[in-house]
Amino acid sequence: MPTANRASYDLIAATALWLAISAGAALAQQQPLSASDWLSGSVQAPERESSAWRPGDASPPGMGPGAVQPVAESGAVGEVQVTRLDGGDPDAGGTITARRAGLPRDLWQGSDAQVLAPLILQTPARLPAMNALLRRVLTAQLTPPTGADGSRRGHLFLARADRLLDMGALEQAQALLVTAGPGDPEVFRRLFDIALLEGDETRACDIMNGTPGIAPSFAARIFCLAQGGDWAAAAVSLHGAEILGLIDERQAIMLTHFLDDAFVDSDDVLDPAERMTPLDFRIHEAIGQPLPTSPLPVAFAQSDLRLNSGWKARLEAAERLARAGAIPAARLRQIYAEQKPAASGGVWERASAMRTLEAAMAAGDVSTALPRAFDEFRGAGMADVLASMVAADLPETTEGRAVEIAGWLRQWHGLPVADPVAADDALTADPVHPPAEARGEALLAALADIDAGLDGDLTRAGRGLAMLTALGLDEDADLARAQLSLQPLIGPEN
């Protein structure tokens, strides 16, 4: 082999070896906890070992119940002893207190984290009142399950974060993850993906570069080298990873397009992956082949909220996120008000109706504008979103059909009305006694029962509402009962 070629090969191999060492056991990738297919493994971390004792581990020799503790024989100063400190249990982390969430702090007591985690990921909560309750459960600071195995500490925490990501609530998921710090590989992977979805590649790579001991995937490392301006190192790293088989063929082709500007004017269009990851999504955008977010999980719609997106794309994304409860309805209202609709049909009609309704509310007369807006939004299955946007601001004195609609919207939003719609008799079940333990499991089961009411099973929904009341969640039960009763009037037209 010629000296020059051998030197190049050695450089590549050395670089790839450095990558292998820095990234850890990348070939033995772990499967993420999340039930979300899109949660990618943009960053995968190796398993870690430590000889230091940590809280939750078996008691060290000479410690624990029954062990005889040493007693000082004199008042002399003894030798200084050092023990390793560890962070708190992430399962106890949250962004709001249990009291503020309106939940008992010991909600998880009597349950096992490995039982709760899949329940959290699978429990439906389509009704807005129950969607809001579930988000409070996911973000509350609750005492971890007493039966949790110390080796599975954080299992419930990651399930909570993943469910928020499934719901598209990136800001809430990020805030929850930050409470555990980025030092855990699984926490870091999710923070990295969130940063990519928000279009903040610089922050994503800063997280990677500023977190010691975190092993990224090769694709993520190469992406961040290029993002930081070191294109040569990124190219060499890509070639080294290909030679050692540390990156799959599809990712290698995509990163080649990303690094080589010769492909800028090429007609070679890359097919999207079957399981789109945030990193793949961002690279497609970087090479001038952006992908629509509508067929992707709702979390991807957050990337369309950026100001560099067109107004129509931002409107459509905000509507989708507001329907999922991922963003406050007030934010959608703000985006509607940004510009004057330039066309008609679809989202433009709702933007126009909202603009007209805003002017009518300012004038104190919504007798014409409110019915039009209600019909437009209900036709799109968004009358509940309209209620969240305007119910509290509607003038009390209205005429004609607007009087009835205003009452529906206020009642849906939980506001007092003079003539509320009566609850369906099937939604009133016999009182039940709360379970002595595993109340968290009972709450999640109640959410599933109430969700069945949207499919017509009001008797089952009534049992779920009775359990919510037994658990002390009277206001949530009342609001859910009202929304289920209003569903035929406000829900999507058949």
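This is a short walk through one predicted model, from the whole chain down to single residues.

Let's start with the overall picture. The chain has 494 residues, and 47% of them are buried. There are 21 helices and two strands. Now the contacts. Take those with a separation of 6 or more: residues 24 or more positions apart account for 70% of them.

Next, a pocket. I'll take the second largest pocket. How much space lies in it? About 890 Å³. Its lining counts 38 residues. Nearest its centre are Pro 128, Arg 135, Ala 322, Arg 323 and Gly 325. By type, the lining divides into 21 nonpolar residues, ten polar and seven charged.

Which helices build that lining? Those that each give at least two residues are H4 (128–139), H6 (170–178), H13 (311–323), H14 (329–336), H17 (383–390) and H21 (474–490). The largest share comes from H4, with five residues.

Keep one rule in mind. An α-helix has 3.6 residues a turn, so residues three or four places apart point the same way.

Met 130 sits in helix H4. Its relative accessible area is 1%, so Met 130 is buried. What does Met 130 touch, leaving aside neighbours within four places in sequence? The contacts are Ala 125, Leu 447, Ile 450, Leu 468, Asp 476 and Ala 480. Look also at Leu 479. Met 130 and Leu 479 are 349 residues apart in sequence. Their C-alpha atoms are 8.9 Å apart in space.

Val 137 is also in helix H4. Here the relative accessibility is 2%, and Val 137 counts as buried. Again leave aside neighbours within four places. Val 137 is then in contact with Leu 103, Trp 108, Leu 142, Arg 160 and Leu 443. One of these, Leu 103, is 34 residues away along the chain. The C-alpha atoms of Val 137 and Leu 103 are separated by 7.6 Å.

Now to helix H16, residues 369–379. Which of its residues are buried? Ala 369, Leu 370, Pro 371, Ala 373, Phe 374, Phe 377 and Arg 378. Note that a charged residue, Arg 378, is on that list. The cover over these residues includes H14, H15 (347–363), H17, H18 (401–412) and H21. Among these, H14, H17 and H21 also supply residues to the lining of our pocket. Just after H16 comes Gly 381, with a positive phi of about 70 degrees.

On to the aromatics. A pair of aromatic rings is described by the distance of the centres and the angle of the planes. The count here is seven aromatic pairs. Take Phe 223 and Phe 258. This pair is stacked, at 5.4 Å centre to centre and 25 degrees between the planes. Phe 223 lies in helix H9 (residues 218–227) and Phe 258 in helix H11 (residues 249–259), so the pair ties together parts 35 residues apart in sequence. Both Phe 223 and Phe 258 are buried.

Phe 258 has another partner, Trp 231. That pair is tilted: 5.7 Å between centres, 45 degrees between planes. Trp 231 is in helix H10 (residues 231–243), 27 residues from Phe 258. Are these two buried or partly exposed? Trp 231 has 40% relative accessibility, so Trp 231 counts as partly exposed. Phe 258 has 12%, so Phe 258 counts as buried. Put together, Phe 223, Trp 231 and Phe 258 form one aromatic cluster.

Last stop: two loop residues. Ala 438 lies in the loop between H18 and helix H19 (439–451). Ala 438 is not a glycine, yet has a positive phi of about 55 degrees. With a relative accessible area of 17%, under the 20% cut-off, Ala 438 is buried.

Ser 309 is in the loop between helix H12 (278–286) and H13. Its relative accessible area is 16%, so Ser 309 is buried too. Beyond neighbours within four places, Ser 309 is in contact with Ser 303, Asp 304 and Arg 314.

That's the tour. Happy to take questions.

Key. Residues are numbered from 1 along each chain as its sequence is written. This is a predicted model: local features need pLDDT of at least 70, side-chain atom pairs count only at pLDDT 80 or more; totals for chains, interfaces and linings use all residues. Side-chain values use heavy atoms; hydrogens and water are left out. On a 1 Å grid over the protein atoms alone, a cavity is a set of points where a 1.4 Å probe fits but cannot get out, and a pocket is an open set with protein on both sides within 12 Å along at least five of seven lines; lining residues have an atom within 4 Å of a point. Grid points are joined across faces, edges and corners, and a volume is the space filled by probe spheres set on the points. Helices (H or I, at least four residues) and strands (E, at least two) are DSSP runs, numbered from the N terminus. Buried means under 20% relative accessible area, exposed over 50%, partly exposed in between (1.4 Å probe, protein chains only). Contact means heavy atoms within 4.5 Å. Rings of Phe, Tyr and Trp (its six-membered ring) pair if their centres lie within 6.5 Å; planes under 30 degrees apart count as stacked, over 60 as edge-to-face and the rest as tilted.
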